Structure formats: C-alpha cells, structure tokens
Amino acid sequence: PLFLIVAILIKLDSEGPVFVKLQRVGYDGKKFLMYKFRSMIKDAHKLKEKLVKFNERKGPLFKMKNDPRITRVGKILRRTSIDELPQLFNVLRGEMSLIGPRPHEPNEVARYQIWHKRLLNIKPGITGLAQISGRSDLSFDEEARLDIYYLQNWSFILDLEILIKTIPAVLRPAP
C-alpha cells in the first residue's frame, strides 16, 4: 500500500515516471541500475552540469542542500528516506545488501582516491554505518572511513545494531 500511495503522490506532484533507475557502481566495481522513487524533476540529470559549481561537499560526491531539481514530494521522500525503499528490489536481485556503503555514480567512483576504492570490496547497502552516524552531514572522507571500519569489523551484531539505529536516524528529520 505504501508504494501505491507514494506512486500517486509522485504522479500528482510532477511529470515523469514513478521510479528511476540510476547507474551505480557496486561490489568489485560492477555497474548496476539502482531503483528509487523519483524525487527530482524529469530529466534532472541534464541540469546537474549547471549546478556542479554549487556543490557543497568536498570529495567526489555532489551535494546541494537546496537543489532546485528536487520536487515538493521529493523533499518529503528524501527527508524520510522513503525514496530508498525500491532498493529492496536491488537486494532481492543480489546487487545490494541491507547494510553496506552507499553505492555511488560511475563518475564519482572515477574520482575516488586509492584508499576509497576499498569501498568496492563489499556489496553496497541501503543503510550503513555512515547513514546512522550523520547522514549527509559527514564529509565524503568521514563517510568512507566509517564504511571501511564496517568492512573491517563486520559482525552479525554490528549489522543488527545498524538496522536498529537506522529507524531513529530515518525518523529524525534530515537537514
């Protein structure tokens, strides 16, 4: 029912598909299509080149707090992380796991420093240590360090702890 409600809200808010397929780099550097609910205007990727100069994050990732491409419904979906739910299909397909580093775009991975490439030694996840430790408030290097720590210290208990801490992290409004 949640998927249906979200789909209706997206269609009522803006033109374009309900779901987007975004190319990402996963385990061992393999590219895959990651599913998300659409939270941006149709063809938002075409406007990204013009917005790169407004990037607010150091490192290879693009982040912009007041990104004009994000729709009204998209702001809510992102704040609550509901836009991420379709990634459960990626988990079922074996491309992602519930927990791990976030998958990044090929052009972002191309700008990784050598030590960042260790993030490709594990399947990417829907949630992870970085997401429960500050989300987008972290620098890319801080996020990478947390994800590498996870990779080196993986345990079932750590996974359980991350899953449990994801709930309040998602419920707490993102900046």
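## Cavity

The structure holds one cavity of 30 Å³ or more, where a cavity is a set of points, on a 1 Å grid over the protein atoms alone, at which a 1.4 Å probe fits but cannot get out. The model is a predicted one, in which local features need pLDDT of at least 70 and side-chain atom pairs count only at pLDDT 80 or more, whereas totals for chains, interfaces and linings use all residues. Residues are numbered from 1 along each chain as its sequence is written, and side-chain values use heavy atoms, with hydrogens and water left out.

About 70 Å³ of space lies in the largest cavity, a volume being the space filled by probe spheres set on the grid points, which are joined across faces, edges and corners. The lining of the largest cavity consists of Val25, Gly26, Pro101, Arg102, Pro103, His104, Tyr112, Leu119, Leu120, Ile122 and Pro124, lining residues being those with an atom within 4 Å of a point. Rolling a probe the size of a water molecule over the atoms shows where empty space is left.

## Leu120 at the cavity lining

Leu120, one of the lining residues, sits in the loop between helix H5 (106–109) and strand E4 (125–127); helices (H or I, at least four residues) and strands (E, at least two) are DSSP runs, numbered from the N terminus. At 14% relative accessibility Leu120 counts as buried, on a scale where buried means under 20% relative accessible area, exposed over 50% and partly exposed in between (1.4 Å probe, protein chains only).

Leaving aside residues up to four places away in sequence, Leu120 touches Val25, Gly26, Tyr27, Asp28, Gly29, Val109 and Tyr112, contact meaning heavy atoms within 4.5 Å. The C-alpha atoms of Leu120 and Tyr27 are separated by 4.9 Å, although these residues are 93 residues apart along the chain.

## Helix H1

Helix H1 (residues 2–13) has 12 residues that, at 1.5 Å a residue, should span 16 Å, and the separation of its end C-alpha atoms, 16 Å, agrees with this; the expected span is 1.5 Å times one less than the number of residues. The buried residues of H1 are Val6, Ala7, Ile10 and Asp13. They cover an arc of only 135° around the axis, which puts them on the same side of H1, the arc being that of the directions from the helix axis to the C-beta atoms.

The buried residues of H1 pack against strand E2 (31–37) and helix H3 (72–80), while the face of H1 turned away from its buried side carries the exposed residues Leu4 and Leu12.

## Aromatic pairs

Five aromatic pairs occur in the structure, where rings of Phe, Tyr and Trp (its six-membered ring) pair if their centres lie within 6.5 Å, and planes under 30 degrees apart count as stacked, over 60 as edge-to-face and the rest as tilted. One of them joins Phe3 and Phe37 in an edge-to-face arrangement, at 5.0 Å centre to centre and with 65° between the planes. Because Phe3 lies in helix H1 and Phe37 in strand E2, this pair ties together parts that are 34 residues apart in sequence. Phe3 is partly exposed, with a relative accessible area of 29%, whereas Phe37 counts as buried at 1% relative accessibility.

Phe37 also pairs with Phe19: the ring centres are 5.1 Å apart and the planes are at 20°, so the pair is stacked. This pair likewise links distant parts of the chain, with Phe19 in strand E1 (residues 19–25) and Phe37 in strand E2, 18 residues apart. Phe19 is partly exposed, with a relative accessible area of 38%. Phe3, Phe19, Phe37 and Phe89 form one aromatic cluster.

## Loop residues and positive phi

Most residues other than glycine have a negative phi. Asp28, although not a glycine, has a positive phi of about 60°; this residue lies in the loop between E1 and E2 and counts as exposed at 54% relative accessibility. Asp43 also has a positive phi of about 60° without being a glycine, and is placed in the loop between E2 and H2, where it counts as partly exposed at 36% relative accessibility.

Lys42 lies in the loop between E2 and helix H2 (48–51) and is partly exposed, with a relative accessible area of 43%. Lys42 touches Glu15 and Gly16, residues up to four places away in sequence not being counted. From C-alpha to C-alpha, Lys42 and Ser14 are 8.0 Å apart in space and 28 residues apart in sequence.

Conventions:
1 Å grid on protein atoms, 1.4 Å probe; cavity = no way out; pocket = protein on both sides within 12 Å on 5 of 7 lines; lining within 4 Å.
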